[in-house]
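Student: Can you walk me through this model? I'd like to start with the ligand and then look at a helix.

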Amino acid sequence: MALLEIKNLNFTYPEAAQPALSGINLEIQPGEFVLICGASGCGKSTLLRQCKPALSQHGEKSGAIYFNGKAIEELSFREQSEKIGFVMQDPEMQIVTDKVRHELAFGLESLGTNNRKMRVRIAEMASFFGIRDWFDSPVSALSGGQKQRVAIARALAMNPTILLCDEATSALDPTTTKSILALLKDINEKYGITIVIITHSMEVVQEICTHVAIIDAGELAENGTVADVFASPKSRAAKKLVFQGDQNV
Ligand code: ADP
Ligand code: MG
């Protein structure tokens, strides 16, 4: 069964003349590392947020999204928090506490995870993301790249089934971006966590992602394995959009 199944999804923002998403059909299988790409304003963030109802925008929606076979709106808030991790572009927007160690514990504490289990999981993520040395630092003292590592580690500490990253590295320099994407790849391979990213770091995604979905003006222009999509002559126009149309992001 697909982990995430998006069926004929249409979404229009209130007062908008055009739908932001039209007829999207997409399946994401467990363990995939999926890149969603397309020009600025094509609907990538709207689509990703529809996959976590706690973050979905208001608007007119039709079609359905199933998570492990269950209509996504039927997941409880707890299930969503536990199973669907989400990392946004701006780390500042996601910081909720003062110290790094509190930040990492925040999601787990809110789920009432027992202390021992929580400590083990946090230590594991902290060492994976190389943040043990700043465990007791105030979050305000960290660089943007460090804050984003903390945000990703915090989301992964909850042991989600899927992690959705909306331009989580776009405010970072290319070296930091590369190292964070490589860590996500390790997490995907080591823990089998399904990952969906929106990113413009095209130079690394071909090595990291297993699948690609290209969105064009709210529609799914193409989707398949990285090898198929990047080799397909049919997608040349869409790829041109992706590679050249988005210099501002
Ligand atoms: P992307 O992430 O690919 O840049 P978005 O999903 O953010 O695109 O936006 C898709 C379309 O929906 C754009 O035309 C954008 O202007 C519009 N849009 C995004 N957010 C809102 C909103 N909160 N209200 C109205 N329109 C929006
Ligand atoms: Mg966006």
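Tutor: A residue counts as near a molecule if one of its heavy atoms lies within 4 Å of it. This is a predicted model, where local features need pLDDT of at least 70 and side-chain atom pairs count only at pLDDT 80 or more. Residues are numbered from 1 along each chain, and side-chain values use heavy atoms.

Student: Which residues are around ligand 1?

Tutor: Y13, A20, A39, S40, G41, C42, G43, K44, S45 and T46.

Student: Which polar side-chain atom lies 2.5 Å from an oxygen atom of ligand 1?

Tutor: One belonging to T46. That is a polar contact, meaning a pair of N or O atoms within 3.5 Å.

Student: And what about the backbone of G41 and G43?

Tutor: A backbone N or O atom of G41 is 2.7 Å from a ligand 1 oxygen. For G43, a polar backbone atom lies 3.1 Å from an oxygen of ligand 1.

Student: How much of ligand 1 does the protein cover?

Tutor: 55% of the 560 Å² of accessible area that ligand 1 has on its own (Shrake-Rupley method, 1.4 Å probe).

Student: Switching to α5. Which of its residues are buried?

Tutor: M118, R121, I122, M125, A126 and F128, where buried means under 20% relative accessible area and exposed over 50%. They sit on the same side of α5, because they cover an arc of only 160° around the axis (taken from the directions from the helix axis to the C-beta atoms).

Student: What exposed residues are on the face turned away from that side?

Tutor: R116 and R119.

Methods. Chains lettered and ligands numbered in written order. Polar contact = N/O pair within 3.5 Å; in protein donor to acceptor, adjacent residues only side chain to side chain. Buried < 20%, exposed > 50% of the residue type's maximum accessible area, 1.4 Å probe, protein only. Helix = DSSP H or I, 4+ residues; strand = E, 2+ residues; numbered from the N terminus.
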